[in-house]
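Work through the exercises below with the sequence and the 3D view at hand. Each task is followed by a solution in steps.

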Amino acid sequence: MPAYLLAWKHMYLHSFLNFMTGFEMRSNKKTHFGVAGFILTRAFPILALTGVIGLGVLGLLTWAGHEADRVSYDRQANLFKFVVSQLRSDVAHDQESVTVWDDAVERVRAHDTEWMDSNLGAWMHEYFGLDQAYVLDPADRPIYAYADGGIATPDAFDVVSGETLPLVLALRQKLRIGDDSQIRDTVLTLGVSDLAVIQDRPAIVSVKPIVSDTGDIQQTAGDESVHVAVQFLDGNLIEELRTNYMFDDLHFSWAASGDPDYSSQSLETADGRSTGYMVWHPHHPGATMLSRLIPVLSAVIVLALCAIAFFLALYHHRTKELEASEEQIRHMALHDPLTGLPNRNYFNEYVDVELAKGASGTSALLFLDLDRFKQVNDTLGHPSGDALIREFGERLKAIVRQGDVVARVGGDEFTVMLRGKASLKEVDGICQRIVDSARRPFLLGGQEVFVGVSIGAALAPQDGLDRVSLLRKADVALYFSKKSGRSRYSFFSEDMDQLLSRRQEIEGDLRAALKTGETFQVHYQPIVSAHDRLVKGYEALLRWNHPKYGSISPELFIPIAEETGLIEDVGEFVLREACSAAAKWSGKTVAVNVSGVELRNEGYAAKVKRVLLSTGLSPEALELEVTETTATDEASAAVDNLDALRAIGVQIAIDDFGTGFSSLGRLRSLNVDRIKIDRSFVHGLGEKAGDEAIIRAIVDLAHASGLKITAEGVETSMQDAGLTRMGCDSLQGFLYSKPVPLREIEVASPPGGLQR
């Protein structure tokens with residue numbers, strides 16, 4: 001069944017049910033209807049409504065049929081105009097195949113009739129179907145004519161001169177003024193064409209100049225010989241339109257048809273004169289559609305009447321189901337499907353209403369984020385993560401008071417509103433109970449899982465009176481809870497806002513500095529051989545001279561760069577600067593620190609290779625310093641990147657070995673070339689009894705594993721002697737030189753006459 005009939009059917013049923021509903025609502029008591037009563041109160045209104053709708057549908061269909069017929073006629077008329085227009089373009093395009101030709105210019109000047117017939121006349125007729133062709137010299141005298149299927153005397157042009165010469169004159173005028181408006185990729189020369197009556201037949205007349213294709217033949221604009229082509233429209237065009245475009249009974253007529261079953265399209269010249277009409281029998285899709293749909297419509301109306309009784313019985317039952325469904329949809333729109341807790345929309349509306357009441361006392365908005373939740377999803381899978389979220393939601397509901405609202409607003413994010421009349425001490429206690437609750441293990445699939453929760457709290461009216469401000473400040477406090485070690489809660493303070501603003505300012509300035517590179521500078525600290533005290537290489541260290549705050553420690557801006565995703569740009573800047581500098585050193589290496597964020601990017605190894613190639617530095621002269629955690633992170637792309645870089649000769653070093661989670665037992669499994677002993681052990685050398693033993697153990701085990709050892713933070717001659725005695729391969733520290741700019745490397749001289 002057509003779509004519009006289904007639409008009308010549904011509209012009818014809907015109107016009927018509305019009518020019946022209104023009627024029954026107006027009835028205050030049950031009434032026993034007889035036959036007459038049923039006809040008057042039920043049957044007649046329904047039949048009348050059905051008749052009106054049926055007539056409306058019939059009227060709409062009739063109008064739609066007429067519109068379809070009109071659109072069909074317009075489409076055929078536009079198609080006819082397009083075909084005629086395309087034919088005019090095709091005739092002109094066909095002419096250019098022989099008129100833009102050095103040979104044509106020369107043969108026409110020589111009045112070579114045989115050549116002109118072979119190329120400009122008979123060939124154009126046989127290949128392109130032109131009916132007539134003429135060649136005029138610069139004085140507009142005919143020197144060649146092709147008509148009636150063969151070569152003719154030049155005076156045959158007299159028959160068409162009246163329609164043709166105005167077009168020739170118009171062409172020459174365009175040529176003389178240099179009009180190039182027609183010239184484009186598919187049109188090589190100017191041309192003039194129009195519809196005309198030639199020998200009592202409608203035709204297309206096209207005029208083109210005969211010009212040189214190479215430009216080697218001198219011609220005066222406007223004085224070229226011209227080629228005139230004539231294509232009749234009452235021959236092949238009619239056959240083409242009949243065959244290809246299904247114009248039924250198409251024929252040419254000097255007058256428009258008066259038959260209403262036929263359509264007429266005028267053939268008009270450029271100045272609006274009619275040269276006749278094309279007449280055809282148009283398609284009538286609308287009338288055809290009506291003849292087929294009227295019986296169907298009648299059947300549909302009968303079926304609709306039969307279905308009314310059935311729909312009446314279903315009406316009450318469906319109404320009840322709809323009410324229940326709407327309630328369910330409303331609940332789903334305002335609640336989280338996983339936990340059943342209110343969602344963000346519900347929470348926002350609730351908070352706005354509660355704050356608008358202006359209740360006395362303290363209200364609190366809490367922003368919660370589970371700690372280490374991603375590890376649960378990654379290791380145990382999403383079903384376990386979902387189970388943890390559900391259980392944590394239940395724990396939250398058990399902690400808050402009656403009337404408080406707990407909502408889940410994201411993956412592992414929750415919000416809580418503690419309504420007014422809550423003392424600050426009570427809010428503090430609830431936050432602590434939530435933190436303690438999250439510390440208790442979660443039993444997932446028979447396995448105990450430990451997470452935690454960080455909380456940020458904002459109070460009303462102290463921190464604001466609107467939801468947006470309070471949530472923002474609670475989010476700021478949450479950020480500081482996470483930065484302070486997680487699994488804790490923080491109340492918002494203005495100091496937090498200022499620190500966060502300072503951090504955001506530094507982030508913005510860091511982005512600006514990366515664009516210009518003017519405030520960044522790479523310093524270099526020498527690494528000396530423990531055997532001969534000669535400089536074997538340098539470690540590249542980034543310095544940032546902030547325009548407002550002066551020198552900013554990398555310990556401050558590097559974490560910000562890692563959090564904001566800028567570390568890759570920062571790292572590439574240092575790497576490129578260091579490699580460019582080292583490429584000019586002879587026999588010395590350069591060490592560059594690499595962030596774990598960079599190494600976890602699958603394209604990092606390829607980036608290093610591009611930098612080495614562009615700077616000309618040998619891979620063996622580059623050493624990348626990474627943390628032990630990054631080097632052993634088998635779940636990421638870091639290990640693959642390190643293996644790819646070692647394969648081309650890049651050296652890999654573990655920086656700050658001995659801190660964090662480092663262990664001597666892991667030395668055997670590290671796929672690296674060098675270990676750098678942390679400065680904290682070197683600083684205690686000679687003062688802390690255990691430091692010397694630790695260093696000696698690291699050196700012995702590293703050498704046994706084939707690894708080189710570099711000691712950082714060497715500041716005294718005693719440390720120098722002790723580290724050398726224990727077997728360190730190279731040394732680095734202020735004893736030899738502090739980090740200096742590149743320009744000072746060649747002029748500075750470290751203590752003891754150290755060579756560079």
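**Exercise 1.** Which residues are linked with Lys-482 in a network of salt bridges?

Solution. The model is predicted, so local features need pLDDT of at least 70 and side-chain atom pairs count only at pLDDT 80 or more, while totals for chains, interfaces and linings use all residues. Residues are numbered from 1 along each chain as its sequence is written, and side-chain values use heavy atoms, with hydrogens and water left out.

Step 1. A salt bridge is a side-chain nitrogen of Lys or Arg within 4 Å of a carboxyl oxygen of Asp or Glu.
Step 2. The network joins Lys-482 with Asp-369, Asp-371 and Arg-486.
Step 3. Between Lys-482 and Asp-369, the closest N and O atoms are 2.7 Å apart. Lys-482 belongs to helix 12 (residues 467-483) and Asp-369 to strand 10 (residues 362-371), so this pair ties together parts 113 residues apart in sequence. Helices (H or I, at least four residues) and strands (E, at least two) are DSSP runs, numbered from the N terminus.
Step 4. Buried means under 20% relative accessible area, exposed over 50%, and partly exposed in between (1.4 Å probe, protein chains only). Lys-482 is partly exposed at 21%, whereas Asp-369 is buried at 10%.

**Exercise 2.** Find how many salt bridges the rule gives, then describe the pairs Arg-419 with Glu-354 and Arg-696 with Glu-692.

Solution. 
Step 1. The count comes to 27 salt bridges.
Step 2. Arg-419 and Glu-354 meet at 4.0 Å, N to O. Arg-419 is in strand 12 (residues 413-422) and Glu-354 in helix 8 (residues 344-357), so the bridge ties together parts 65 residues apart in sequence. Relative accessibility is 32% for Arg-419, which is partly exposed, and 13% for Glu-354, which is buried.
Step 3. For Arg-696 and Glu-692, the closest N and O atoms are 3.3 Å apart. Both residues lie in helix 21 (residues 689-704), four residues apart, about one turn of the helix. Arg-696 is partly exposed at 32%, and Glu-692 is partly exposed at 30%.

**Exercise 3.** Describe how helix 3 meets helix 4.

Solution. 
Step 1. Two packed helices are described by the angle between their axes and the distance between the axes. Axes are lines fitted to C-alpha atoms, for helices over the stretch in contact, and angles run from 0 to 180 degrees between N-to-C directions.
Step 2. The axes of helix 3 (residues 102-109) and helix 4 (residues 113-128) come within 9 Å and cross at roughly 140°. Helix 3 is therefore oblique to helix 4. Angles under 35 degrees count as roughly parallel, over 145 as roughly antiparallel, 65 to 115 as roughly perpendicular and the rest as oblique.
Step 3. Contact means heavy atoms within 4.5 Å. Asp-103, Ala-104, Arg-107 and Val-108 of helix 3 touch Trp-115, Met-116 and Leu-120 of helix 4.
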